[in-house]
Amino acid sequence: MIPSIADAMRQVVSDTEAAIKADATVNFGTVPKQLFFRHGNMKEISQQLTELTASPVHKGKKFPLVVLFRDIDETLSEGLNGITTGFNCRMAIFTLTESTYNSDQRETKTFKPILRPILEAFLNQLSQSSVFGMPKVADMKVKKADCFFYGSALAGANPFNDFVDAIEVQNISLKLKNIC
């Protein structure tokens with residue numbers, strides 16, 4: 001069976017959350033040490049977050065958020081246990097922010113305590129994942145951008161109804177193994 005990128009990433013995000021919770025040096029301040037995962041295109045993700053906001057039960061269960069953007073081109077090949085897939089993908093890690101924060105405040109309140117520790121833990125978990133072949137970070141060819149007030153660079157087009165800062169992983173190169 002061709003392996004599911006979304007299922008594998010969901011597991012890595014879950015492992016990342018566990019690693020963050022176990023690390024006493026990571027302190028999100030008032031933000032709970034938990035992660036949420038979504039995959040899809042920006043419009044779909046935005047709609048899902050809007051629906052969560054409308055729910056009294058789920059409105060606080062959105063951020064910090066790891067998003068795997070779709071669509072993903074895959075190169076299929078045969079491995080020892082069946083079909084493997086190689087791919088480059090785009091992801092982002094989002095957290096809530098305040099629209100009034102300046103760049104220094106964003107750096108100290110969202111990037112240093114929340115977003116960068118999540119990215120570091122996520123990359124560490126990927127490098128320990130057997131389904132991804134335990135790649136070294138250098139082999140993943142990660143290209144990232146810190147996005148202060150996400151969406152503001154898109155002619156003021158914030159794709160969410162929430163004010164968010166993000167680290168956008170513009171490229172990450174991986175190979176997903178079929179583990180039987």
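**Stop 1: two crossing helices**

Start by selecting helix 1 (residues 5–22) and helix 3, whose axes come within 9 Å and cross at roughly 120°. An axis here is a line fitted to C-alpha atoms, for helices over the stretch in contact, and angles run from 0 to 180 degrees between N-to-C directions. Helices themselves are DSSP runs of H or I with at least four residues, strands are runs of E with at least two, and both are numbered from the N terminus.

Before going on, two notes on what you're looking at. This is a predicted model, where local features need pLDDT of at least 70 and side-chain atom pairs count only at pLDDT 80 or more, while totals for chains, interfaces and linings use all residues. Residues are numbered from 1 along each chain as its sequence is written, and side-chain values use heavy atoms, with hydrogens and water left out.

Back to the two helices. What do we call their arrangement, helix 1 against helix 3? They are oblique to each other, since angles under 35 degrees count as roughly parallel, over 145 as roughly antiparallel, 65 to 115 as roughly perpendicular and the rest as oblique. The crossing of helix 1 and helix 3 is right-handed; that word means the near helix is turned clockwise from the far one by less than a right angle, and left-handed means anticlockwise.

Now click on Thr16, which sits in helix 1. Is Thr16 buried or exposed? Thr16 is buried, at 0% relative accessibility (buried means under 20% relative accessible area, exposed over 50%, partly exposed in between, with a 1.4 Å probe and protein chains only). If you draw a distance from the C-alpha atom of Thr16 to that of Gln170, you get 19 Å, for residues 154 apart along the chain.

**Stop 2: the strands**

Next, colour strand 4 (residues 82–96) and strand 6 (residues 164–176). They run antiparallel, with eleven bridges joining them; strands pair if DSSP finds at least two bridges between them. Zoom in on two places along this pairing: Gly86 stands opposite Lys175 of strand 6, and Ala92 stands opposite Glu168 of strand 6.

Which other strands join in? Strand 3 and strand 4 make a hairpin with two residues between them.

Then bring in strand 2 (residues 65–69), which runs antiparallel to strand 4 with four bridges. Val66 has Ile93 of strand 4 as its bridge partner. Finally, strand 5 (residues 143–147) is joined to strand 6 by five bridges, and these two are antiparallel. Look there for Asp146, which stands opposite Ile167 in strand 6.

While the strands are on screen, show the side chains too. In a regular strand, side chains alternate between the two faces of the sheet.

**Stop 3: rings**

Now show the aromatic side chains. How many aromatic pairs are there? The count comes to three, where rings of Phe, Tyr and Trp (its six-membered ring) pair if their centres lie within 6.5 Å, and planes under 30 degrees apart count as stacked, over 60 as edge-to-face and the rest as tilted. One of them is Phe111 with Phe148, a stacked pair at 4.5 Å centre to centre and 20° between the planes. Phe111 is in helix 3 (residues 103–127) and Phe148 is in the loop between strand 5 and strand 6, so this pair links distant parts of the chain, 37 residues apart. Phe111 is buried at 0% relative accessible area, whereas Phe148 is partly exposed at 26%.Move on to Phe149 and Phe163, a tilted pair at 5.5 Å centre to centre with 45° between the planes. Both lie in the loop between strand 5 and strand 6, so the pair ties together parts that are 14 residues apart in sequence. Phe149 is partly exposed, at 22%, and so is Phe163, at 38%.

For one more ring, select Phe69 and Arg90. Arg90 lies over the face of Phe69, 4.0 Å from the ring centre (a charge sits over a ring if NZ of Lys or CZ of Arg is within 6 Å of the ring centre and within 35 degrees of the ring normal).

**Stop 4**

Last, hide the side chains and follow the backbone. The peptide bond from Phe63 to Pro64 is cis, with omega near -5°, and Pro64 lies in the loop between helix 2 (42–54) and strand 2. Another cis bond runs from Arg70 to Asp71, with omega near 15°; Asp71 belongs to the loop between strand 2 and strand 3.

Finish at Lys141, in the loop between helix 4 and strand 5. Lys141 is not a glycine, yet its phi is positive, about 50°. Lys141 is also exposed, at 58% relative accessibility.
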